[in-house]
Amino acid sequence: MNAASFPLVEAHGLARHYSVDAGLLRPKAVLRALDGVSFALAAGRTLAVVGESGSGKSTLARQVTMIEPPTAGRLEIDGADVAQADRSRRRRLRRTVQMVFQNPYASLNPRKTILRALEEPLVIHEPEFGAAARAERVRAMLARVGLEAAHAGRYPHMFSGGQRQRIAIARALMLAPRVVVADEPVSALDVSVQAQVLNLLMDLQDETQVAYLLISHNLAVVELIADEVLVMLLGRVVERAPKARLFAAPAHPYTRALLASTPRLDAPADAGDRAPIRGELPSPLVPPSGCAFRTRCPHATGACAEVVPPLEAIGPAHEAACIRWREVG
Ligand SMILES: Nc1ncnc2c1ncn2[C@@H]1O[C@H](COP(=O)(O)OP(=O)(O)OP(=O)(O)O)[C@@H](O)[C@H]1O
Ligand code: SF4
Ligand SMILES: [Mg+2]
């Protein structure tokens, strides 16, 4: 395995369960927001996570950024088991993984200049830098994300949404992380600036080999920048494939329905038989037995209610969790 393919993030059966109120006088219920998710992400690569609202994408992001501990499973970052890491190691691992949020308005403090917002990570993690050296690094980073270095003294409200997201990206990159988790990084932006911000992310990846865990509802975004895609449904991965394969030959009926629900520029010719998802998303507190898609799947049979279909290899680097993938494909 060469350096480029060495995984920077490895998840093995990650789970996060929440105890929630199920209603008056009822015992607490367990909500399995994440339920046994595994993947590997290497330097310079982009792994996209897609799925309906509530499928566990942001919960996964909070795991990888170490904001919340897993209920079960193992997370390795840069070869280290996060649960076993001591304080100083954890501190270094936190530097390794940074986050870009959906809303650039909420993620920047309106009372801080851009200089203060961007130098903050350096103040915390690299106290040996003096103010002049920090300001120099901030200016260099602003230029790198396509903003005027001279604007470092301005406040967030003086920038457009797209510029603010560039600032948020710049801040995430100040400590030269090796992994950036981006949760819907462009969905709050005007469509006209989404592509610019995505292009910026791709350019930065070419320059630095940073790895992205990209969470997005928008399959057009995924198609543009992902290398590999995980499709999630109620806390589990139901399909995993290299991007080109996922779009050309989606195997799981849920993936096919998600693709049919999203307008795309170049839908494959055989997409005509695919219908968007119909029916209600089941409650995450009472998921269906067996396959979590069965209440909405046009191909469901009695057998689909019996066991949770395991992810199985169905092609090169392609896995799906549907017992009928051969018949429905
Ligand atoms: N702190 C929490 N306590 C209880 N339940 C939670 C908590 N955080 C998330 N959940 C639940 O876990 C499930 C997964 O939520 P999550 O936010 O990860 O979904 P998502 O895929 O990011 O959805 P969206 O596309 O809407 O952002 C949901 O049912 C959600 O209500
Ligand atoms: S396992 Fe059954 S219900 Fe689930 S996606 Fe496959 S055919 Fe549909
Ligand atoms: Mg989310």
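**Close-up views of the two ligand sites**

**View 1. The shell around ligand 1 by residue class.** In this predicted model, the residues of the shell around ligand 1 divide into 5 nonpolar, 7 polar and 3 charged, where Ala, Val, Leu, Ile, Met, Phe, Trp, Tyr, Cys and Pro count as nonpolar, Asp, Glu, Lys and Arg as charged, and the others, Gly among them, as polar. Of the 15 residues around ligand 1, the nearest are Ser53, Gly54, Lys57, Ser58 and Thr59, a residue being near if one of its heavy atoms lies within 4 Å of the molecule.

**View 2. Polar contacts of ligand 1.** Oxygen atoms of ligand 1 lie 2.8 Å from a backbone N or O atom of glycine 54 and 2.7 Å from a polar side-chain atom of lysine 57, whereas a nitrogen atom of ligand 1 is 3.4 Å from a side-chain N or O atom of arginine 62 (a polar contact is a pair of N or O atoms within 3.5 Å).

**View 3. Surroundings of ligand 2.** The residues that surround ligand 2 include His252, Cys291, Arg294, Cys297, His299, Cys304, Cys322 and Arg324, and its shell has 8 nonpolar, 2 polar and 2 charged residues.

**Conventions.** Residues are numbered from 1 along each chain as its sequence is written, and chains are lettered from A and ligands numbered from 1 in the order in which they are written. Local features need pLDDT of at least 70 and side-chain atom pairs count only at pLDDT 80 or more, while totals for chains, interfaces and linings use all residues, and side-chain values use heavy atoms, with hydrogens and water left out.

Notes: Polar contact = N/O pair within 3.5 Å; in protein donor to acceptor, adjacent residues only side chain to side chain.
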